[in-house]
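Please examine the sequence and the structure shown below.

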Amino acid sequence: MPEVADKESLEPKLADLLEDERQERKDYIYCAVCSTVIGRCSDRAEVNGSHDHHFTNPYGLQFHVGCFSQALGCEIAGPPQRADTWFMGFQWRIANCADCRRHLGWYFDRIAPPGGEFFYGLILDRIQHDGD
């Protein structure tokens with residue numbers, strides 16, 4: 001296997017291209033089970049003043065959730081639910097990995113007006129990323 005040259009010995013445009021590629025890879029979030037790209041770290045969003053939230057569902061299960069404006073690698077399942085929502089004014093649906101179908105979190109959308117604001121609440125220990 002050939003060795004990869006260090007940045008100083010590369011042609012400047014190629015070095016910049018490789019650096020851009022490395023930076024771009026760092027921005028992705030992945031399913032922790034199958035490594036499918038779920039979205040981007042840059043899609044982190046604040047909801048109710050924070051990206052991170054800790055919740056306990058009615059069955060006593062605890063979740064550390066991060067909010068994201070997009071998670072295109074998620075498949076949304078089930079009918080919208082208003083009961084037991086963690087975000088007032090929002091209904092929720094299950095968000096699964098589109099590839100392995102692992103439950104990754106929830107898709108939240110504003111109850112009224114329909115078609116308005118939305119975000120994903122992803123369970124942080126069920127996703128991974130390449131770094132900051």
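**Strands and cores of a predicted model**

Gly66 stands opposite Leu122 in β8. Strands here are DSSP runs (E, at least two residues), numbered from the N terminus, and two strands pair if DSSP finds at least two bridges between them. This is a predicted model, in which local features need pLDDT of at least 70 and side-chain atom pairs count only at pLDDT 80 or more, while totals for chains, interfaces and linings use all residues. Residues are numbered from 1 along each chain as its sequence is written, and side-chain values use heavy atoms, with hydrogens and water left out.

**The sheet**
- An open sheet is formed by six strands in the order β3-β4-β8-β7-β6-β5, with antiparallel pairing.
- Its edge strands, β3 (52-56) and β5 (74-81), each pair on one side only.

**Strand β4 and its partners**
- Five bridges join β3 to β4 (residues 62-68) in the antiparallel sense.
- Across this pair, His53 has Val65 as its bridge partner, and Phe55 stands opposite Phe63.
- The antiparallel pairing of β4 with β8 has four bridges.
- Because five of its seven residues are buried, β4 is largely enclosed by the rest of the structure; buried means under 20% relative accessible area (1.4 Å probe, protein chains only).

**The nonpolar cores**
- A nonpolar core is a set of buried Ala, Val, Leu, Ile, Met, Phe, Trp, Tyr and Cys residues joined through side-chain atoms within 4.5 Å.
- The largest has 14 residues, and those with the most contacts inside it include Ile29, Leu104 and Tyr120.
- At least two residues of this core come from each of β1 (28-31), β6 (90-97), β7 (103-110) and β8 (118-123).
- A second, separate core of 13 residues includes Phe63 and Trp86.

Methods
Buried < 20%, exposed > 50% of the residue type's maximum accessible area, 1.4 Å probe, protein only.
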